[in-house]
Amino acid sequence: MIDLRSDTVTRPTTAMRRAMAAAEVGDDVFGEDPTVNRLQEVAAERFGYEAALFVPSGVMGNQIAIRVHTRPGDEIVLEAESHIFNYEMATMASFSGVLARPISTERGCFSVEQLQQTIRPKLYYLSRTALVCLENTHNMKGGTLFPLSLMSSLVEYAHAQGLPIHLDGARIFNASVATARPVNELACGVDSLMFCLSKGLGAPVGSLLVGSQAFITEARRVRKQLGGGMRQAGILAAAGLYALNHHVERLAEDHENARWLAQRLAELPGVQVTPPETNIIIARLATMEAAELTRRLQARGVLLSPIGRKQLRLVTHLDVARADLEAAAQTIREALRM
Ligand SMILES: *Cc1c(COP(=O)(O)O)cnc(C)c1O
């Protein structure tokens, strides 16, 4: 199988598994797992923040941040196709009691003006805007990069209004490699951010929440409330440390592969593709249904995700080499012709 559904499908390499097996561990609920502590220190330092917290998933990281930054009855501003709005099962409503105020955009990032128009006036009879969430890279817009100058302006504007900003940076290392800028610059002074170890970085489990010491202290309480307090989690943290040390620069390969595959797809009749900025390709089909093509490909050993009636999502990652993509491109060509 050539699996292009997501960069979450990667399996830990032999070297990563060795690092996991050798990890020093302790009870992390007592704060005594040296490997978890090291991962959290490394993450905080890389991003230029005071502290970090290891969490089991990106969703948990985002939802902890929302809980810490808001009170029930508040509103949060986010992008209409963002992960937090669409793929986190309305947890912001059920767990934090907040209302989403989405902004529709072309490429996943809204302007300062749009933000300005969406923040509720400070009147006692209106709900309070309490948080702004951004996503870089933007998953459903096709791994698009959030322009750094826009991000700075948004942070500056939000802060001037007394509003915190949370960054869903599930794939921030893809953004870092694609723009050749360190992640501490991409953080742009947001109040909290989440990044995933389990996507392009190739670790089996885990994300980190990064922020101030006060934020992380609260976040640790909320993580425990959610059942996210883990014990000898150093085994997982070791995979994360290994990923941060060995799997960041190589993301350039995934980006190169995505560009290559997008070009091959663009040559096919009835397929429209925008050149990808990172590792996610969105392809639009002129006539065939996405579900039909997905079924044909699955029978031929190629997996991808239909994300709309005529849209497909393909993601490159550590476990697909150029030769796999050459085979996949050929299979897609054949499946479209049948
Ligand atoms: C995958 C993803 C998440 C959530 O991560 P999980 O570990 O699957 O919970 C959050 N935001 C974005 C943009 C993602 O792509």
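Which residue in S10 is the bridge partner of Val-271?

1. Basis of the note. This is a predicted model, in which local features need pLDDT of at least 70 and side-chain atom pairs count only at pLDDT 80 or more, while totals for chains, interfaces and linings use all residues. Residues are numbered from 1 along each chain as its sequence is written, and side-chain values use heavy atoms, with hydrogens and water left out.

2. The opening question. The bridge partner of Val-271 in S10 is Leu-285. S9 and S10 pair in the antiparallel sense over 3 bridges; two strands count as paired if DSSP finds at least two bridges between them. Strands are DSSP runs of E with at least two residues, helices are runs of H or I with at least four, and both are numbered from the N terminus.

3. The sheet. S9 and S10 belong to an open sheet of 4 strands in the order S9-S10-S13-S12, with antiparallel pairing. Its edge strands, S9 (271-273) and S12 (305-306), each pair on one side only. Strands of a sheet pair through backbone hydrogen bonds, either parallel or antiparallel.

4. The ligand shell. The ligand is surrounded by 14 residues, and the closest are Gly-58, Val-59, Asp-168, Arg-171 and Lys-199 (a residue is near if one of its heavy atoms lies within 4 Å). Helix H3 (58-69) and strand S7 (192-196) each supply at least two residues of this shell, and H3 gives the largest share, 3 residues. By class, the shell has 4 nonpolar, 5 polar and 5 charged residues. Here Ala, Val, Leu, Ile, Met, Phe, Trp, Tyr, Cys and Pro are nonpolar, Asp, Glu, Lys and Arg are charged, and the others, Gly among them, are polar.

5. Ligand oxygen atoms. A polar backbone atom of Gly-58 is 2.8 Å from an oxygen atom of the ligand. Polar side-chain atoms of Asn-139 and Arg-171 each lie 2.9 Å from a ligand oxygen atom. On its own the ligand has 380 Å² of accessible area, and the protein covers 85% of it (Shrake-Rupley method, 1.4 Å probe).

6. The largest pocket. Its lining consists of 16 residues, with Lys-141, Gly-142, Thr-144, Thr-274 and Arg-284 nearest the centre. A pocket is an open set of points on a 1 Å grid over the protein atoms alone, where a 1.4 Å probe fits, with protein on both sides within 12 Å along at least five of seven lines; lining residues have an atom within 4 Å of a point. Strand S10 (280-285) provides the largest share of the lining, 4 residues.

7. Backbone details. The peptide bond from Asn-136 to Thr-137 is cis, with omega near -5°. Ala-90 is not a glycine, yet has a positive phi of about 55°.

Key: A polar contact is a pair of N or O atoms within 3.5 Å; within protein, one must be able to donate a hydrogen and the other to accept it, and residues adjacent in sequence count only if both atoms are side-chain atoms.
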